[in-house]
Amino acid sequence: MTTPRTPALRLVLVRRVSTAGQAVDGYGLDAQEADCRRWAKGQTAPRVRIVHMVTDGDGKGGKSGTSLLDERPGLMEAVEWIADGRADGILAPNLDRLARELTVQEAVLSYVWALTGRVFTADHGEHLEDDASDPMRTAMRQMRGVFHQLDRGLIVKRLTEGRTAKGAKGGYAYGAPQYGQQAIDNELTADEQEQQTLEQMHAWQAEGVSIRGICERLNTAGIPSKRGGLWHPTTVARLLSPDAREAARQQSAQARAERKEQQRRDRAARLLAQR
């Protein structure tokens, strides 16, 4: 008599990269997939079958591990597979690929468990639901999350300090070079053609030509702006006036702060709507 085979556990493989550089140089998508498939192939009790694969971030841009579930389209798709009965759980290379903040990690796990789904990582196996009789299980998992979060914080700290130190020495730290300069091998150098255009703009200004008039002359001559498009009076004013440049910088910083605050409000509204 033949013993019937136990149905394989259906898992969705979850991958994530947080930066474009990581997609090429670090623990990239291909390496994550290989680790997960190697782990799945070695499982016999129960057998594991990867039925789908989702990705957050790609070679052009990443997805932060601090993003909540509803900000991760790949992870949301994996959860939908569980909710629809097409999968029994998710498989990630490690908890770090699910989240790099403890609160986000725990939220993701709780959501999957609430759907009766199971969570596996290639470096650990199954992460079981919390059990009041085994508080150590929860503590050890959360401790791993704490260290993932600490690792991310230290990386951000080193990058920020490095950029600040380089900028203090007059070097190129980050961001798009201003008009008249270009970045070569992470160093700022003069762009001769743009420098000549700047000199001409200052010369026109000295002749009494208005900002709008300078803008029209540049566009008529077919001289492209920094991004290759047409010139606008506000762009010309920023280049020729330190005060206008500072005002534009403050306006941009305020706009970024307002967008960030609005994102926080939208996130809170989504969470409240899910209750």
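Buried here means under 20% relative accessible area, exposed means over 50%, and partly exposed lies in between (1.4 Å probe, protein chains only). Keep that at hand for the tour.

You are looking at a predicted model, in which local features need pLDDT of at least 70 and side-chain atom pairs count only at pLDDT 80 or more, while totals for chains, interfaces and linings use all residues. Residues are numbered from 1 along each chain as its sequence is written, and side-chain values use heavy atoms, with hydrogens and water left out.

**Stop one: strand 3.** Select residues 89-92, which form strand 3. Strands are DSSP runs of E with at least two residues, helices are runs of H or I with at least four, and both are numbered from the N terminus. G89 and L91 point one way from the strand, I90 and A92 point the other way, and all are buried.

**Stop two: the neighbours of strand 3.** Strands count as paired if DSSP finds at least two bridges between them. Strands 1 and 3 run parallel and are joined by 3 bridges; look for L13 opposite L91 and V12 opposite I90.

**Stop three: strand 2.** Select residues 48-56 to see strand 2, which pairs with strand 1 in the parallel sense over 8 bridges. V14 stands opposite V54 of strand 2.

**Stop four: helix 5.** Move to residues 102-114, a helix of 13 residues. From first C-alpha to last it reaches 18 Å, close to the 18 Å expected at 1.5 Å a residue (the expected span is 1.5 Å times one less than the number of residues). Color V104, Q105, E106, V108, L109, V112 and W113, which are buried. Just past the helix, T116 takes a positive phi of about 65 degrees.

**Stop five: a surface patch.** Select M143, V146, F147, L150 and L154, which make a nonpolar surface patch of about 450 Å². F147 is found in helix 6, residues 135-168. Patch residues have over 30% relative accessible area and no salt bridge, with nonpolar side chains (Val, Leu, Ile, Met, Phe, Trp, Tyr) joined within 5 Å and like charges within 9 Å. A salt bridge puts a side-chain nitrogen of Lys or Arg within 4 Å of a carboxyl oxygen of Asp or Glu.

How many disulfides does a search of the whole structure find? It finds 0, where a disulfide is a pair of cysteine sulfur atoms within 2.5 Å.

Key: Areas by Shrake-Rupley, 256 points an atom, 1.4 Å probe, with all protein chains shown as cover.
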